[in-house]
Amino acid sequence: MAALLNSTRWLRPLCSRLLRLPRGAAAAHRPSPRAAGLVGAPGSTHLIYQARLFAIAPHQKGKVQEQPILGIQNKQAHGFDWALNKLDTSVRKTGRITRALLLRIFNDMCRTGYPSSNQVLLLLRSCGSLLPEVPLCERTELAHMIWYKLQVLGAVYDASHYNALLKVYLQNEHKFSPTEFLSKMEEAKVQPNRVTYQRLIAAYCNEGDIEGASKILGFMKTKELPITESVFSSLVTGHARTGDMENAENILSVMRDAGIEPGPDTYLALLNAYAEKGDINNVKQILEKVKKMEGYFMDRDLMQVIFTLAKAGYPQYVQDILSQLRCERGYIPDAMNLSLTLITQGLEDTAFQVLKTFPTLPSENHSESSMDTGNFFLRHCVTMDKPLSKLKQFCDELKEANMHSSPLQFTLYCALESKKAALAINLMKTMKEEGLPLRPHYSWPLLVGYRKEKNVQGTIGVLKAMHELGVEPDVETYTNYVLTNFDDIQTFRALLQENGCPFETEGLFVAELRHEAVYGTLENVLTLLSSPSMPSADLFHFKGCLVLGFKRSNDIDLWSKITELLYKDGRYCQMPPGPTEAVGYFLYNLIDSMSDSEVQAKEEHLRQYFHQLKKMNVVISTNIYRGIRNLLNACHVPELIKDIIVLTDTEKLSVADVPKNTELEVSVLEKKLEKLKAEKQPIENVLKQLIVALCAEENMQKALEVKAKYEPDMVVGGYAALIYLCCRHDNVEDAMNLKEEVFRKDSSVALDANKYLALVKVLGKHGRLEDAINILKEMKEKNIPIQDTTGMGFFHILNAAAMRGEVETVNRLHESIVTLGLAKPSTNLCAPLITVHLEKGDIPAALEATIDCCKKYDSTPRIHDILCRLIEQGNTDLLQKAMDFLNQDRGEMAMLYDIFFAFLNTGKYKEAKKIIETPGFRARPGRLQWFAEKCIATKQMETLENLVEMTQKLFECDRDHMYYYLLKLYKISNEWQKADATWTKMQEENVIPRERTLRLLADILKNNSQEVPFDVPQIWYKDHVEPAPDSENNPEKKVLILCKEGNVQEAYNILLEAQKKDIMFPLFPYSTLIQALLSKGCLEEAIKVKNIAETHIKGFTLNAAASSRLILTQVRRDYLKDAISTLKTVLERDLVPLPLAVTRLIQALAMKGDLESICTVEKMVENLAAPTGLSRMLFVNNIVLAHIKNNNLDMAVEYIEPLLISGTQNPDAPMTSISYVFRKVIEERLEPALEKLSAMAERLISQFGVYKPATDLFLQYVDAGRVDDARFLLQRCGGIAEQKGILLAFIAKTSQKKGQGQKIKTLLDLIPDFTEKEIVYSYLLKCHALDKDVFSAKMLFKKMKAENIHTDEIFLKRLAVLLKNAGEAVPFTEPPEPFSFYVEQLRQKRQEISSHDV
Amino acid sequence: MAVTRVPSRRLFEIYIARVPWTLATKDLKDYFAQFGTIRKCLLPFDKETGFHKGFCWVGYSSEEGLRNVLQKESHILEGVKLQVQEHKPRSFGRRYANEGAADMS
């Protein structure tokens, strides 16, 4: 830090010099500030910095009383740390800073306001020689700008600031009047100190004004200030500048007389004095003399002499001094700064001389670009607009000296980077002359600039220049950098022609093609592709855009025609593998680029497309086919596979390639088989394929016939498929025969586990128990690998037997399976042993079986069912026996749970309650979960409700879990009222719900269009897909499922059919269907279902949700009277309608201007006991609108204005917002009303300071894209920009929908100094992420970096995810945790902050 | 678990850093094609500056191409030594990213 504040960098050499000079008494005469700095100089810079901050703090406190300012300054001290660090590193590393960095810190400071004293000092000190790249006068201007601007912002200047300014003046050779300076200080009541006087003396001396200097010296003497070496050094310079070298030399003896030994500063002054005169001899003499005094000059001192020589016009002597340099540590940055300063001041030749002294690092491979020396030099020459000839000369010399491998290219890079088009073009010409390659992309940086400026002439100019250089633009040039600047390609082509540029190149054609494709204008694409003037261009170059284009068009004919053209026209698929591969790959890319849902949605399109391609004889390779097949499978549209397969050469496909259900395959194979047979060729393979295909079609009859016909040629695979088929078709005889047949052929043959299981199953079913057991034995013998699914297979076989009540079959098969070790005797596998008795109603036997099972296999399957049955039967003896057994074997707690669940399940809640109140009973989460999930699966709502209630006081019971189960069931049965009640109950019980519980609850409510009364935790993953329940033979379930899937028409049809068959449904399916029909707007059908329901169910009435739907539909159909009466009946039955229904009704009434009805509805709703969730503003807003609709503008304003004023006087009342009115008025283009309302909003500001309405209007303008109106309003009412809360709320809301980023951008454009940039940009990024707009997101990121706005982890994470999803590299370290982690972190942080605020 | 979509054919990729600004995609493709058949060559350009970003990916259709490139000790193009290394594709692609998200409940 101290590098800046204490100038240690300059101090350290001085310090060592002091020690070196023999009579170093000078130290005594060098008081503060340098001496003060000395203490801390070696390595303790940090301490000094801290000390300084401490020194400043009390000073500030004394002056500034207000707390908030202190707060901001504290925050700034933080930021200051950072800025200081940045500047400090720059100074430490390079000895310079850039103007950009300085301005950035300055602007930051201006933005945050309240600059502190040391910050200002820091900036001022940076405006001198630390800016070698900036011309002297500009540096001073910069210092002045900072000085005045910060003064306005409240900076308080003391002597240190004035002294810093003086130093800057001296370093920048700024001419000024010292007396004026002093009087200014006086005006500001700042006392000049010794340093001030010293610097003023230096200023006079620089002008050769000894008289002026003497005057100041007089001041110093009267004030008894010590005269230091620096004053004498200045006097040396002063005399020299008057041309009086004798007196200059004399100063040294004067010094000695005054007791000060001349130090290096003085000698340096003398050296510079001689250098200015070009007196190299005296310069050399002094150098000698100092050397003899055993002192020496630092490189840095000598560099000053070099600068002086060059500046005074004696570059010929520079070499003499250069040879004296020792190139000590830190030489390079100093020499660079010297070089830069020289270039800045027009002395580039000397600068180059300095550059050539740079040591070139010896390296084995000098071709590495990192070894290039002089980049900084070339870049600054370009910045300072040095002429081409100079640049070329430097480049040549650098190259010759082996200092730089590619200086011209680098210079061109600099020219392009700084958008110096003329220089860049000239450099390219030079490069061409030198035989260096030129490439199209060299023009891109220039074109980018012109594109941003929309400078058409500039663009054409660059293209022309490139053409003249013999570089023809490629597709990328046109697509990315040129065409974006033109509205249509024809004008562009004409312009090219006018300017003598080629206009019919391949690049341009392909670019045009891409352009059209991206906009989805496929007809133009087709025209272009078929145009004879189109040169040949490989599909590869425009494939990506074409895929985009296809996706934007639904015209299958165009799709096919274009594809055909690509395939057949020769011009587009010239690369070796040819069209089969290229077009096939295009199809692959097309499908791959679509999301699953897109493919599903376009299934029919794709099908037509494939078939049209088939008609056009388009063929794709089998490899590509396989790729596409995998894609289609992954997208869950396997049906399309048989449509794409027609495009391949089926001969080359293997069986595995062919999907099931391919009719085509059977006939093809049959023909093929016959053909082979006729040719007497081996048919085994084809025969197998045919059998497999027939099996896939489940055509057993035919498969058996084929087998019989070609028996000798049958192979194992064919048999296996056939056996499996027979088993599936319950054809046990053929299955066993086939098995024996294949074994006769080869006894070592083994089938796979599934086929064996199928055999066991069918044998068991047909009572051939021994055969079945033999099969099991064979499985064991042949060591058939058994998978988990096989285990399930065994269970199904056993269970099926159990359901048939075949005790022996179950027992023997089970025994065989277990003793053979084919499967483990899990509880599940043992269950059929008990099931078989339960099915027969033999409970005692079932209990015996369980006890037996427990002894043998240590498990008690189906004990719950047994207990339930015993309770139902009231068989207390056996129940006692069961309990004793359980108690003994499983432990008391397990027994109690078993019996508790059994009581619950049988509805004996009193008994259950007694059990759970057993002392010592505690929660076993696993068991509770088991029972809860059982209840959910069987929809035992009452049981589950009782469970949840009874466990309320259960020790260690996780209440959130329990409620979660309950909500799960409510969700399945769509019981939103109950779910809603649960929410209340949980609060009553003080349960803190987990996120998933809240989400579930919110889901239920949302699905029923209910308002969610809490903040829903964000969800970052898709809902899991619910398994489709078995609904085959249950029309009631079918109706429910179809409704859920949105296939309402089908559900309606099923209901009508059921009605014909007199099947009656319970209440729920009717109301669900009615709601579903209404949501599709099928009013008549809904009414019909309602009538049906009313005939079946006595007193059937629509529930609140369905009634609300009815109201919504009636409103949509404009049956407002009916809607009102529906609402009336709902309210009469004390049901609460959906707020949405009432809202829509009121809105519709307002649009009709029907004030009376609005008031009627308001009264109806008001009388309702339960809260409706309706805002009072709904009525207020719509009454205003109704007035407006009736052309009663004055009435509207009279009505609303007092409400808006009084609304603000009651701080507890919710903010009164009439945004809705504004939006409607804007939407409906009711300009007179808008004017009236706008005038009102402005009046509210000027008379009452109420900003809300005007801000709302402003935002509505922004929302509607009426930017000019928004701007004018803002100009009239500037205070809108300060309504941060309202604006941020708008931004937050806006960012939740797609495609809204522009609105936020507009808002920022309108209010450029919006302070919460970090937050706003986060929202903006959210928009871009929603839109998958990678480009804008990256721009935003760059912008934030440039503006130095902090990017938090959420921001970075979101950006990283966006980039990764787009397949782009992430140019920063991606925060490692999942997104939710950071969101949670932020939430906690916010909570902490808000709790601190309280 | 849903079936994930993965590219049907694997690419054997290298990552090249320190690409001098003067080189274009075509130059890199031409150079690296000597080691094997190239299926992908991606040199991203910054559309805001018009310069490329100094790094590039080249994908070979076979492992052999990859091996050939890595065997050569240094790759010097227009006098500049390129930094070439094998590019290990990240473990998840487009589809997997969604899956990963689903796992973090």
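## Basis of the values

In this predicted model, local features need pLDDT of at least 70 and side-chain atom pairs count only at pLDDT 80 or more, whereas totals for chains, interfaces and linings use all residues; side-chain values use heavy atoms, with hydrogens and water left out. Residues are numbered from 1 along each chain as its sequence is written, and chains are lettered from A and ligands numbered from 1 in the order in which they are written.

## Chain B

Chain B holds 3 helices and 5 strands (DSSP runs numbered from the N terminus, helices being H or I of at least four residues and strands E of at least two), and along the sequence these follow the pattern β-α-β-β-α-β-β-α. Of its 105 residues, 42% count as buried, that is, under 20% relative accessible area with a 1.4 Å probe and protein chains only, where exposed is over 50% and partly exposed lies in between.

Among contacts (heavy atoms within 4.5 Å) in chain B between residues at least 6 apart in sequence, 65% join residues at least 24 apart.

## Strand β3 of chain B

Because 5 of the 5 residues of strand β3(B) (residues 56-60) are buried, this strand is largely enclosed by the rest of the structure. Cys56(B), Val58(B) and Tyr60(B) point one way from β3(B), while Trp57(B) and Gly59(B) point the other way.

Strand β1(B) (residues 12-17) runs antiparallel to β3(B) and is joined to it by 5 bridges, and β2(B) (residues 38-42), also antiparallel to β3(B), is joined to it by 4 bridges; pairing requires that DSSP finds at least two bridges between two strands. Tyr60(B) is the bridge partner of Phe12(B) and also that of Ile38(B).

## Helix α74 of chain A

Helix α74(A) (residues 1317-1330) has 14 residues and reaches 20 Å from its first C-alpha to its last, close to the 20 Å expected at 1.5 Å a residue, the expected span being 1.5 Å times one less than the number of residues. Its buried residues include Val1320(A), Tyr1321(A) and Leu1324(A), and what covers the buried residues of α74(A) includes α72(A) and α75(A).
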